[in-house]
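Okay, hi everyone, let's get started. Have a look at the structure on the screen, and I'll walk you through a few parts of it.

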Amino acid sequence: MLSGLGLKPEHHEAALACATEGMWFEVHAENYLVAGGPRLRGLEAIRAVHPLSLHGVSLSLAGDAPLDTAHLKRLSALVRRVEPGLVSEHLAWSAWCGINVPDLLPFPRSNEALRRIVSNIDQTQSALGRRVAIENPSHYLRIDGHAWDEIGFLKELVRRTGCGLLLDVNNVYVSSRNLGFDAATYLDAFPGESVVEIHLAGHTADPALGESLLIDSHDAPIAPVVWGLYRRLVERIGVRPTLIERDGNVPAFDELLGECQLATTELRRVGELSAQPS
Amino acid sequence: MSASLAGFQSDFVKSLFDRDAKSELTIQPAFAVYRNTVMSACVDALQANFPSVARLVGVDWFRAAAATHVRVQPPRDGRLLMYGETFADFLAGFAPARDLRYLPGVARLDRLWIEAHTAADAIVVDSGWLASLSPEQLGAVRLRPHPAARWCLFDDLPIYSIWGANRVGIDTTEETVWQGEGALLTRPFDAVGWQALDPSGGAFLDACAEGRSLAEAAGAALNVHPDFDIADLLSRLLCAGALTRPTPNEESPA
């Protein structure tokens, strides 16, 4: 698995026919948590020719509540059905008192939150019978009550649950601009050995507040500054499956494939560097 | 702001849907990012799930009505594909839609389309198997509605005609007769199909869903309409893939 693409319904045929070496596809698991029908058949057709990654967006691992067991059961059935190469979720919450908010919400990284998330990741990994990767979300708000910085928190989750990490470089950049920290310093401190997947996406400036607030919008090409951070990251940690995410203003398949090729070029270069005898 | 994780999350969710809520978080301009993302994702989902309603009322009206619905009934499932289970009921009580009496029914059929689209797969009954049964076996067989079959009868409005036209992006014609109609949606394989269903057909399918025998289901249909034609209905239901075989222990009628 080199670089992959988020699968859009309008690209289904092109994805089936795509013969690029190392190509793989990622889907939001929620769109396929159904009892039957054409969605599942379409996903199985993709899975028959490409490796697949299931990316969950609504498990609410950071919610201070037990996980939705019906949801976990459906996810578990989908994992058994399509045998994905990667399964991931977010360091965020979205479900509360019966309401499911379609967003990835922030929380104070307290010891209480750590215990809850450890328990929820344990429950998830045991239900799915496999390791999952946890993604760093985009941040917009200053929140009081953090006992841990994000990297320390993620490392502790890895130590206690054995989970992997999904590092979204665009999320790091967007958060660094919104909260005022240095993205390169953050990436340099990230535990590379735990990273099982990388995400790359485009962002936009907030329509009202402009460049002072960046939105993780997934509706534009990946920014040059994010490519620069990606290069720096993979030079340090080595080759990792890298996903190009695009959810809005979706261009032709070949245009996204072009971004994929850029990532693959970086990965091959890094792979050759590390293969050379020192 | 409460110190506990639970308190933080309660306040956060309340502030997302209540635009007047004030706290240390909501006074930050960035809180609007969460409010906007959540609202637009919910409204987008309703627009995708109720395309016939959106076509009838126009996008601006639809999105305004949908936003009102989101505040009253936010999603209760992480799958936005399933969002809108109470949208038809909401429209029935939504004052600005009072003159559009057909709107809740059209929403109900959009909802049934989603249910048919995502339901479990099953093998449909084929006419060859039915024909191989003796007359006694045929009367006693308990056919089940296919898991993806959905049907609904509307007393006094041509909901099926209005919905069917708008679902495929055309306007209803002047020939539409302003009377009650029923609809049957089926998905024997990949594509959801639909056809009109009369009250006797509805009674027949209701009886099958209750686990009654073919003879009993035909009786229920005859009660609704004495001229009910079982051969015609069965052939249409088989063609549409609306029926599945009974479970194995029911397959050999005594």
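Quick housekeeping. This is a predicted model, where local features need pLDDT of at least 70 and side-chain atom pairs count only at pLDDT 80 or more, while totals for chains, interfaces and linings use all residues. Residues are numbered from 1 along each chain as its sequence is written, and chains are lettered from A and ligands numbered from 1 in the order in which they are written.

Where they touch, 17 residues come from domain 1 of chain B and 14 residues from domain 2 of chain B; a contact here means two C-beta atoms, placed from the backbone, within 7 Å. On the domain 1 side, α3(B) gives the most, with five residues. Helices, by the way, are DSSP runs of H or I with at least four residues, strands are runs of E with at least two, and both are numbered from the N terminus.

Now the whole of chain B. What does its secondary structure come to? Twelve helices and five strands. The radius of gyration of chain B is 23 Å, well over the 18 Å that the globule rule gives for 254 residues, so chain B is more spread out than a compact globule. That radius is taken over C-alpha atoms, and the rule is 2.2 Å times the number of residues to the power 0.38. The C-alpha atoms of chain B fill a box of roughly 75 × 50 × 30 Å along the principal axes.

Let's zoom in on one helix, α4(B), residues 59–72. Which of its residues are buried? A65(B), A66(B), H69(B) and V70(B) are, and buried means 20 or more other C-beta atoms within 10 Å of the residue's own, with C-beta atoms placed from the backbone (12 or fewer is exposed, in between is partly exposed). They sit on the same side of α4(B) because they cover an arc of only 145° around the axis, going by the directions from the helix axis to the C-beta atoms. What covers them includes α2 (31–49) and α5 (87–92) of chain B.

Last stop, the two chains together. Their contact takes 39 residues from chain A and 36 residues from chain B. On the chain A side, the largest share is six residues, from β6(A).

Terms used. The expected span of a helix is 1.5 Å times one less than its number of residues.
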